[in-house]
Amino acid sequence: MAWMTRANAPPRTRRERLGDGPARGPHRARAMSGSGAGSRGGGARTRGNLLPGCPPRPPPGVMDLSVPGYSPSFKRPPETLRLRRKRGRSLGAAERPEPATRRAARAAGLPLRPFPAAGRGGGGGPAGARRNPFARLDNRPRAASEPPEGPPRGQQEAPGRFLDSNQENDLLWEEKVPERTAITELHQTPHVSFSESDIPPSESTELPVDWSIKTRLLFTSSQPFTWADHLKAQEEAQGIIQHCRATEVTLPQSIQDPKLSTELRCAFQRSLIYWLHPALSWLPLFPRIGADRKMAGKTTPWSNDETLQHVLMSDWSVSFTSLYNLLKTKLCPYFYVCTYQFTILFRAAGLAGDDVITALISPTTRGIREAMKNEGIEFSLPLIKENGPEKRKASGTGLRHGEEQAISDEDEEESFSWLEEMGVQDKIKKPDVLSIKLRKEIHEVQMDHRPESVVLVKGMNTFTLLNFLINCKSLIATSGPQAGLPPTLLSPVAFRGATMQMLKARSVNVKTQALSGYRNQFSLEITGPIMPHSLHSVTMLLQSSQNGSFSAGLYTHEPTAVFNICPPKDNVLDKEAVHEELANCGLHPKTLDHLCRTPVLGKLSLRHVEMSDYIYNWRS
């Protein structure tokens, strides 16, 4: 019987079981013939081909013999399905044909990388660098003689490896800015586009004035900062009194034992004080731009209470008016108004080289500028080239609707007058008024939310701006975590309804690796809304306490970096007269002299400061 024959058959090899070799012996031949009634494989496959008109399927043994290299379940694919890599790398460049895309690029005149002469495998030549297929055609490796395109790596890196918690909001603010066409009509003046002669040297005995708000300062030194920790009750009280009474304190150039210096510790306490309105201890009120994530989930009882919102806004209006009156009488040097959309810097007359009160608003949108124009507020866009009708439109002179329409009609007639001179005015279709209007508005929309949208208001127009901001409903968010919350007021001096706040400072001692082992590295971290006067005061103190040797990493609230621009000045001010008028503004005389200087940083801000032997070396 068939099953007895199969049982008595000698064991098959692995090659025979997988069907990759010829059958050996009579038993294997009978099994492949399929004539036995008891053959399980043959019977099963014969039953599978019982449809009429279909040829019978050959038994598996016949498939093994008819198709060379056949393998059940594709355990060993046949040679016809195997992927063989062509050994083309071993051939020389002369034997390999040039790709069609490379020939087309060469015909178009594009610079290309040298074609590799030999591959990495097989050949005896050196391995050729493989080109990235996703790179541009002109992405060739830079030769050693070519200078690098950008600044050195050391200048591009951040001064510290620490991340700022408040920089999250700056990144959120940048993410909200949509990608638009770059603005090409920047104001090409020495105040905006600096040449080598306009930029002061990076090494100096004084730092350039920086009007941006810092969110974090990280000082490092080889000498400890333990003198800044654990102030005594008497030292803390004396520092507050010195701040409120604007007492002038002068420290020596070098202090031998800073920890025992009461004057130093009191002056440090004084430099950390600032004034804030409104003051809600459970809510972070700075920064306001992009702060929805940090305010989410906080208790905001005024969000759905219109009566409470009205009370908050009424108190805020009183505080805002008080600050402006102090600024006007030169008892307050400057202050900031921080909203959820933009930030405003008000400066007293005499600061930054201006002879009148100035206000910088950044970033702005077309809607805000149109609303200011409708209120009769005259303003300018310092970073936008102003000429012809664009100057009249951007200056916000508050023209009537009829006058603006007449000016636009005159511009349209002038733009198509050359068609009449050529005699083809009837053959060429003129664009309609709507298309012309949309084309003119595209430029204004492109600069929204960008640093180029900064607005400058001068003189008595700042008072009109004050009334505009108090009555502007869009100044307060109507939805989200900041709904119903008035803007934040920041000032270096006290004002009506303000709350005294302190910047947070802490010192940390770490060990860093050096050539001879480990050495002590001391650091002092200051966080909070750090205004320009605090930055200058702290650097003056460290100059005495650290014997003129320290470094600092400065983290900027990005929307305020553009406050360092310097618009053209009408006249040069007398420094002595300015100091006499601002003598009662509450700042140290050296700090006041520092803030009266003309800004030179442009749209940038200080990022890294290093002092060595009482000489500053800064980078923006």
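Predicted model: local features only at pLDDT ≥ 70, side-chain atom pairs only at ≥ 80, totals over all residues.
The mean pLDDT of the protein chain is 74, and 59% of its residues reach 70 or more.

Strand E5 covers residues 343-347. On one side, E5 pairs with strand E4 (residues 334-338) in the antiparallel sense over five bridges, and a hairpin of four residues joins E4 to E5. E5 also pairs with strand E6 (residues 358-362), again antiparallel and over five bridges. Phe346 of E5 takes part in both pairings: Phe346 is the bridge partner of Phe335, and Phe346 stands opposite Ala359 in E6.

In a regular strand the side chains alternate between the two faces of the sheet. In E5, Thr343, Leu345 and Arg347 point one way, while Ile344 and Phe346 point the other way. Is E5 buried or exposed? Five of its five residues are buried, so E5 is largely enclosed by the rest of the structure.

In soluble globular proteins, nonpolar side chains tend to be buried together. The largest nonpolar core here has 102 residues, and those with the most contacts inside it include Phe346, Tyr336 and Trp211. Helix H12 (residues 306-328) gives the largest share of this core, seven residues. The core draws at least three residues from each of domain 1 (202-273 + 503-619) and domain 2 (291-383 + 447-500). Leaving out residues up to four places away in sequence, Tyr336 touches Thr343, Ile344 and Leu345, and its other contacts include Trp211, Leu489 and Phe563.

The last stop is Ser605, in the loop between helix H21 (589-595) and strand E13 (608-612). Buried means under 20% relative accessible area. Ser605 has a relative accessible area of 1%, so Ser605 counts as buried. What does the side chain of Ser605 make a polar contact with? The partner is the side chain of Thr556, at 3.1 Å. Leaving aside neighbours within four places in sequence, the residues in contact with Ser605 include Asp210, Ser212, Lys214, Asn564 and Arg619.

Note on methods. Residues numbered from 1 in each chain as written. Heavy atoms only, no water. Helix = DSSP H or I, 4+ residues; strand = E, 2+ residues; numbered from the N terminus. Buried < 20%, exposed > 50% of the residue type's maximum accessible area, 1.4 Å probe, protein only. Polar contact = N/O pair within 3.5 Å; in protein donor to acceptor, adjacent residues only side chain to side chain. Contact = heavy atoms within 4.5 Å. Pairing = 2+ DSSP bridges. Core = buried A, V, L, I, M, F, W, Y, C linked by side-chain atoms within 4.5 Å. Domains from an automatic or database assignment. pLDDT = per-residue confidence, 0-100.
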